[in-house]
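This briefing sets out selected features of the structure shown below.

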Amino acid sequence: MASGIQPVTPADVALSVRDLTVSLPEGMERAYAVENISFDLKRGQILCIIGESGSGKSVTANAIMGLLPKVIRVSSGEIHLDGINIVGLSPDKLRSLRGRVVSMIFQDPLSALNPLMTVGAQIEEVMAAHAVGTPKSRRSRAIDLLNEVGLPDPQLMYHQYPFRLSGGQRQRVMIAMALALEPAILIADEPTTALDVTTQAQILQLIRDIQRRKGMSVMFITHDFGVVAEIADYVVVMEKGHCVEQGSAERVLKSPSHLYTRRLIAAVPHLTGKDRVPLQAADRASILKVECLAKTYRSGSALFGKRRIVPAVNGVTFDLTSGRTLGVVGESGSGKSSLGRLLIKLMACDSGSILFEGRDIAGLSEAEFRSLRPKIQMIFQDPFASLNPRSTVGHILTVGPVAHGMPYSEACERARELLSHVGLDSGAFDRFPHEFSGGQRQRIGIARALMFKPKLLIADEAVSALDVSIQAQILKLLDQIQRETGVSMIFITHDLRVASQICDEIAVMHRGQIVERGPPSQIFLDPKSSYTRELVAAIPGEQAGSMLEHAANP
Amino acid sequence: MSGFLLNRLSQSIVLLVIVSIIGFTVLNLMPGGPLAQFGLDPGMTQKDVERLAEQLGLNRPLWIQYLDWAWRLIQGDWGHSFRDGSSVLTVIGRHLSATLLLMGTSTALAIAIGSWIGIRGATHRYSLFDYCATVGAMVALSVPTFWFGLIGIYIFTLKLGWVPAGNMYTIGDGSVLDYLHHLILPSLVLSLVHVAIWSRYMRTATLDALSQDFIKTARAKGLSERRILLKHVVGNALLPMITLAGMQLPSILTGALVTETVFTWPGMGRLFLDSLGYSDYPVVMGLLIFSAILVVLGNLIADIVIATVDPRIRLA
């Protein structure tokens, strides 16, 4: 390009991406991570890039930071940061921009901080790297920053190591670090995805406050349209490396023009406020009755040192009608997963009773319980880790029933039947888990659980690791399976919106106890406990009159 | 922390008791026993041997012998060498400094060189350097030490005449320089295999640290690669290495059998081999307990160091 006719970025644009193409090394499933994408981030605005996994949104962020791995490179296009084209810039010049002109916060605050350095030292490091201030001024600036991001007792916090902080606090530290040199642009790569919903609401609030106060420009990457509705001024929708739609947040959310955007928005689970039409089963018998169930974790030696005692499940009582779904909702540490493990007897409870089909299974030994095991099955959260990578799908499906005495030929037949039932072709039987996508693997996981013709399914965060559009499909599948087989379900999740899609009744857990129980409509529209109210209020994009609500119910 | 220490200490004592019982039993299972060598001595009659056994208490049942030995050990009496009658601790003391000199030098060399190779191999992964380091480590690990020792002597002593073939010092000299002169070849040969092990572990640990999210954070902060390496990578990579170093500690004091033999180095390794040859059971048992204590201590020290360096463990 001849000098002189180079387009000058308008002064009100902080970041401009023009025809950016990032190529992938040969042998990947596509040649480009992103292809010909263009967008502008205006000064003082929040731009949301939304897309599912593999859409190229994180690659775009890393390209802007100059942090792409060596094998992935920008093959054409321009990225203007504050008027400077950074494509092809020397590593040293790029480095001097990072942290000073543009800074970044990441998804997982648990691993994004160095465990061996104090919080204060890590914040000061940004200033030291760019030779700003003296040790003394850096220190007072770090304490100011800790104060600014709303951390309690900044003086004390300064000397803390990251492991002492909660996830939300760590993300605040990350934000403090990113703000240290007052950069023009902040890139946030799914900064709230790993956080609880109430913490997420606080962090979103913080980012918005700081952005307004400082007039900063924020590029916010997310997969959640709820978050977009909360925070975005402008939206870029990405699919498989292409930018399929962009526009003001209001325009994109209210009248999405691209099919993919519409599909994504439609897939976002909502608090409908309507209850599910329950299955009309012949018997209204209770399949599971749990009374005063308790489990306390004890760690540390009894002989020496202090013992840590954590009551994980504390006097939980509920019952489940046959053919219904009970949602167990709570934040991390609420005891919901412990409850799931107790019910399937992966660990023994301390006290209380679990009446399954009228028989108390709480006190049964492993040998006594074994014959009942096929009747209670579990679907796990991580479809990547829960299938043995060295077994074929056929083996994964048949090994359990065969162990329980089903003839191999019958098990094979049933496995093929179930695979087609959960929407996979019968060729899946001889293939290995790594040949399937996350959603397909979760289907395999469901088929595996159904092999036993269970009476009760326990789904522990079964859709949490999936993209929203896949999530919607899996929820539909579970609903269909329940209607066909009459299986009862306990659906454990941190996401109230998901729970509202599939559950007949929801139990909200907090600190090991059920604080509230009721049909979704009551939980969402008329929550009785203050904790439930807090949870419902924290759901992104669900406030009355929210843009997303209009989009969903036009 | 003190609770943890007490816990570990009580475990260690149980471990030491078990090790000593097994050692004592196995040693006495050997055919002949300590006095067998006198059986062929024409100057000794059967009566003499019996009297000797009576004197040394070797005709008592094995478990009484063990209890007697253990009771004395607790009181600080490690027994006396059958060979020259001097106390076991004295014998060990005589050989300890030689081993400490050799093993200390070679371990320090191995850790320094191995760390450097490992870190460089990880930061320049799949480079020519990394490739050479990998192949070199394979060779060093698969070729026996005595071969390296003999080749070293052949080249540097016989052909080039740079260094002496063995011993710790020249009789009649014994200056610092003379010691160093004798130290060069055995310590280099000995450190070869340790460099290989250490560099492989260090490479893996560094790669592990490099793949952590906080390295990306550090890059996003605009830190220089050098600072990232020194401040964020090395510290985290060294953490798992402390355990490895703790496991090396016993060998620093118990010596290297093969290398000490090849270079006629008067250290603990040679002492063990010689004592075994002479059926000098008190010294063999002493060495056994000595190294068992060192293994326990080495692990304990590693745990304490990790707890001091890693804030997550320090305060937990």
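This is a predicted model: local features need pLDDT of at least 70, side-chain atom pairs count only at pLDDT 80 or more; totals for chains, interfaces and linings use all residues.

In helix H12 of chain B, the buried residues are B:Tyr281, B:Pro282, B:Val283, B:Val284, B:Met285, B:Gly286, B:Leu287, B:Ile289, B:Ala292 and B:Gly298.

**Helix H12 of chain B**

- H12(B) comprises 29 residues, numbered 281–309.
- From its first C-alpha to its last, H12(B) reaches 42 Å, close to the 42 Å expected at 1.5 Å a residue.
- A UniProt "transmembrane region" annotation, from an unreviewed entry, covers residues 283–309 of chain B.
- Over residues 283–309 of chain B, the end C-alpha atoms are 38 Å apart, and the chain is 100% helix and 0% strand.

**Record annotations on chain B**

- In the unreviewed UniProt entry, "transmembrane region" is also given for residues 12–30, 96–119, 131–156, 176–197 and 237–263 of chain B.
- Residues 96–119 of chain B are 100% helix and 0% strand, with 33 Å between the end C-alpha atoms.
- UniProt (unreviewed entry) lists "domain: ABC transmembrane type-1" for residues 96–306 of chain B.
- That span, residues 96–306 of chain B, is 82% helix and 0% strand, and its end C-alpha atoms lie 27 Å apart.

**Contact between chains A and B**

- Contacts between the two chains involve 22 residues of chain B and 27 residues of chain A.
- On chain B, the elements that give two or more residues to the side touching chain A are helix H1 (2–29), helix H8 (213–220), helix H9 (225–254) and helix H13 (311–314).
- H8(B) provides the largest share of that side, with 6 residues.
- By class, the side of chain B that touches chain A has 9 polar, 7 charged and 6 nonpolar residues.

**Chain A: elements, dimensions and packing**

- Chain A contains 20 helices and 20 strands.
- The radius of gyration of chain A is 26 Å, close to the 24 Å that the globule rule gives for 554 residues, so chain A is as compact as a globular protein of that length.
- The C-alpha trace of chain A spans about 80 × 55 × 45 Å along its principal axes.
- Of the 554 residues in chain A, 46% are buried.
- Among contacts in chain A between residues at least 6 apart in sequence, 70% join residues at least 24 apart.

Methods: Residues are numbered from 1 along each chain as its sequence is written. Chains are lettered from A and ligands numbered from 1 in the order in which they are written. Helices (H or I, at least four residues) and strands (E, at least two) are DSSP runs, numbered from the N terminus. The radius of gyration is taken over C-alpha atoms; the globule rule is 2.2 Å times the number of residues to the power 0.38. A residue is buried if 20 or more other C-beta atoms lie within 10 Å of its own, exposed if 12 or fewer, and partly exposed in between; C-beta atoms are placed from the backbone. Two residues are in contact if their C-beta atoms, placed from the backbone, lie within 7 Å. Ala, Val, Leu, Ile, Met, Phe, Trp, Tyr, Cys and Pro count as nonpolar, Asp, Glu, Lys and Arg as charged, and the others, Gly among them, as polar. The expected span of a helix is 1.5 Å times one less than its number of residues. UniProt positions are given in the numbering used here, feature names are shortened, and annotations may be inferred rather than shown by experiment.
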